[in-house]
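This report covers a metal site and the fold around it. The sequence and structure come first.

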Amino acid sequence: MRTELVSEPGDHGRPNEDFASVGLPASGQGGSLVLLDGVTPPPGNSGCLHSVPWFTARLGGALTELTVSLPDVPLVEALSRALTRTAEAHAGTCDLSHPRTPQATVVVARWSPETVDFLVLSDSALLLASPDGTVTAVRDDRLDRVPRALLASAEICDARARNREGGFFTAAADPSVAPAR
Ligand SMILES: [Zn+2]
């Protein structure tokens, strides 16, 4: 199978905050892909000593490893474990309960010779092409249901809408954010 990965920062004046990987286990049976889009924080204190790239590298690395090393563990559980592992890496130095703690959108897909599993969190999309050429977009539609008035204010959006039921969900420090699929 041929794989291509391309990643560019949204703003060339800033470091790339995204993570992308493909894991192909030595068994040769299937594989997984991980895409994280780091959420650029507003200026100010985030409670965290680390950068968004630090966060996405750790979460993405853990997720890549877990999805290929534990093929029978559901993706929701793998994301929960990866979030726990990443949180443990800086729980001793940072305030992970801060609403601006580093976070990211998540796309994970894992395939075997028979099946494809996937998980999409927040506003990244997964496009699936079937053998007949049909392309299906997989999105987390919770963002569409956030009231426009909330989205109009970045401050309120960060502090209240994100990771609240009725708002939208990104992967930050809380393992329970993993969606049920
Ligand atoms: Zn930190």
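## Two cysteines

Cys-48 and Cys-94 are both buried. The model is a predicted one.

## Zinc site

Cys-48 and Cys-94 each give an SG atom to the zinc ion, and His-50 and His-90 each give an ND1 atom. These protein donors lie 2.1 to 2.3 Å from the metal. The angles among the four donor atoms run from 102 to 118 degrees, and the site is tetrahedral. That assignment follows because four donors count as tetrahedral if all angles lie between 85 and 135 degrees.

Along the sequence, the spacing of the donor residues is C-x1-H-x39-H-x3-C.

## Secondary structure

The protein has four helices and six strands. Read from the N terminus, their order is β-β-α-α-β-β-β-β-α-α.

## Burial, contacts and surface

The protein has 181 residues, and 41% of them count as buried; Cys-48 and Cys-94 are both buried. Of the contacts between residues at least 6 apart in sequence, 56% join residues at least 24 apart.

The accessible surface comes to about 9,800 Å². Carbon and sulfur atoms account for 54% of that area.

Note on methods: Residues are numbered from 1 along each chain as its sequence is written. This is a predicted model: local features need pLDDT of at least 70, side-chain atom pairs count only at pLDDT 80 or more; totals for chains, interfaces and linings use all residues. Side-chain values use heavy atoms; hydrogens and water are left out. Donors are N, O and S atoms within 2.8 Å of the metal (3.2 Å for Na, K and Ca); water is not among the atoms, so sites may look incomplete. Four donors count as tetrahedral if all angles lie between 85 and 135 degrees; four count as square planar and six as octahedral if opposite donors are over 155 degrees apart and all others between 65 and 115; anything else is irregular. Buried means under 20% relative accessible area, exposed over 50%, partly exposed in between (1.4 Å probe, protein chains only). Helices (H or I, at least four residues) and strands (E, at least two) are DSSP runs, numbered from the N terminus. Contact means heavy atoms within 4.5 Å. Accessible areas come from the Shrake-Rupley method with a 1.4 Å probe; for residues, only the protein chains shown count as cover.
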